[in-house]
Amino acid sequence: MPVFSAHDGTGLAYHVLGEGAPVVCLPGGPMQDSDYLGDLGGLSAHRRLIMLDPRGAGGSAVPQDTASYRCDRLVGDVEALREHLGLDRIDLLAHSAGANLAVLYAARHPERVGRLALIAPSTRAVGIEADGESRLAVARLREGEPWYGAAFAALEAIMSGNATGHSRKAIEPFFYGRWDAAAQAHQAAQDGRRNEEAAAAFGAEGAFDPAATRAALAGLAAPVLLLAGEVDLNTPPSAAAGFAALFPDAEFVVQPGAGHFPWLDDADRFVATTARFLG
């Protein structure tokens with residue numbers, strides 16, 4: 001596993017999958033190691049995937065200054081990786097919470113971004129909030145599935161502030177297009193892989209300035225792909241569409257039947273879309 005030094009001296013690890021031109025991949029969580037991304041449904045057959053483990057997660061070291069877990073400060077880690085790879089510009093692919101880091105990097109270093117692919121992205125960095133009704137509307141698309149009744153009741157409890165200790169577990173099926181054995185194994189494999197201390201610091205006060213980020217992204221020259229899952233409870237397509245509208249050169253795609261991990265729900269469709277965009 002290759003390791004490089006961040007600007008503050010923290011040792012950061014990354015994994016390399018596939019051949020060809022590199023694309024730097026930023027996982028979500030936030031602050032979860034990159035293992036859950038796998039090879040992104042076979043995208044490694046088209047591009048060399050550089051999977052970064054965030055500081056304090058996976059093979060990366062815990063920093064001396066835990067305030068460095070804040071999202072805006074993580075921008076320096078992405079820049080250090082670009083320098084380590086010896087690239088003038090990088091193509092970036094980011095999933096979920098990793099999209100917050102990707103857009104902060106693009107806002108600060110627009111000349112260093114070749115292409116930007118945002119997959120089922122969190123929208124926190126740009127100040128877009130998915131309202132409760134849009135989440136419920138997405139959830140209702142799953143009505144009729146055997147797990148739906150208990151999961152929907154748990155979702156309503158969470159949204160009303162009456163969640164129990166089992167509520168988060170109960171809504172897990174909503175994050176996958178198919179709640180089959182493969183999805184259940186993928187979800188189970190993520191347990192304990194997120195650095196909870198780092199996740200709490202990721203969005204600490206000062207991490208995000210949505211107005212400034214929006215203004216910077218309005219001038220971004222790099223092409224952007226924003227891919228949403230049709231049934232993604234985390235980032236409903238309506239919120240993702242608003243995100244896409246912030247960029248001057250964005251392609252917005254809704255993958256049919258996909259949840260929060262679209263490369264698992266339909267790998268062929270996901271790879272075809274993403275590989276075509278990345279070139």
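The legends below describe close-up views of one predicted protein model. Residue numbers run from 1 along each chain as its sequence is written, and side-chain values use heavy atoms, with hydrogens and water left out. Because the model is predicted, local features need pLDDT of at least 70 and side-chain atom pairs count only at pLDDT 80 or more, while totals for chains, interfaces and linings use all residues.

**Figure 1. Overall fold of the protein.** The secondary structure comes to eleven helices and eight strands; helices (H or I, at least four residues) and strands (E, at least two) are DSSP runs, numbered from the N terminus. The radius of gyration is 18 Å, close to the 19 Å given by the globule rule for 279 residues, so the protein is as compact as a globular protein of that length. That radius is taken over C-alpha atoms, and the rule is 2.2 Å times the number of residues to the power 0.38. Along the principal axes, the C-alpha atoms fill a box of roughly 50 × 40 × 35 Å. Of the 279 residues, 54% are buried, where buried means under 20% relative accessible area, exposed over 50%, and partly exposed in between (1.4 Å probe, protein chains only).

Figure 2. Strand 3 (residues 22-26) pairs with strand 5 in the parallel sense over three bridges; two strands pair if DSSP finds at least two bridges between them. C25 stands opposite L93 of strand 5. Strand 6 (residues 113-119) also pairs with strand 5 in the parallel sense, over five bridges, and I119 in strand 6 is the bridge partner of H95. From strand 5 the chain passes through helix 2 (residues 98-108) to strand 6 in a right-handed β-α-β crossover. Right-handed means that, with the strands pointing away from the viewer, the path from the first strand over the helix to the second runs clockwise.

Figure 3. Rolling a probe the size of a water molecule over the atoms shows where empty space is left. On a 1 Å grid over the protein atoms alone, a cavity is a set of points where a 1.4 Å probe fits but cannot get out, and a pocket is an open set with protein on both sides within 12 Å along at least five of seven lines; lining residues have an atom within 4 Å of a point. Grid points are joined across faces, edges and corners, and a volume is the space filled by probe spheres set on the points. About 1300 Å³ of space lies in the largest pocket. Its lining has 39 residues, of which G29, S96, F175, R194 and N234 are the closest to the centre. Helix 4 (148-159), helix 5 (167-170) and helix 7 (196-202) each supply at least two lining residues, and helix 4 gives the largest share, three residues. By class, the lining has 15 nonpolar, 14 polar and ten charged residues. Ala, Val, Leu, Ile, Met, Phe, Trp, Tyr, Cys and Pro count as nonpolar, Asp, Glu, Lys and Arg as charged, and the others, Gly among them, as polar.

**Figure 4. The second largest pocket.** This pocket has a volume of about 200 Å³. Its lining includes H7, D8, R55, Q64, R73 and D77. The lining divides into no nonpolar, six polar and five charged residues.

**Figure 5. The cavity.** A search of the whole structure finds one cavity of 30 Å³ or more. The volume of the largest cavity is about 120 Å³. Among its 15 lining residues, P27, M31, P54, L74 and L101 lie nearest the centre. Helix 1 (71-85) supplies the largest share of the lining, three residues. By class, eleven lining residues are nonpolar, two polar and two charged.

**Figure 6. Backbone details in two loops.** Most residues other than glycine have a negative phi, and most peptide bonds are trans. The peptide bond from G29 to P30 is cis, with omega near -5°. P30 lies in the loop between strand 3 and strand 4 (48-52). M31 is found in the loop between strand 3 and strand 4 and has a positive phi of about 65°. M31 is buried, at a relative accessible area of 3%. A120, in the loop between strand 6 and helix 3 (132-140), has a positive phi near 45°. A120 is buried, with a relative accessible area of 1%.
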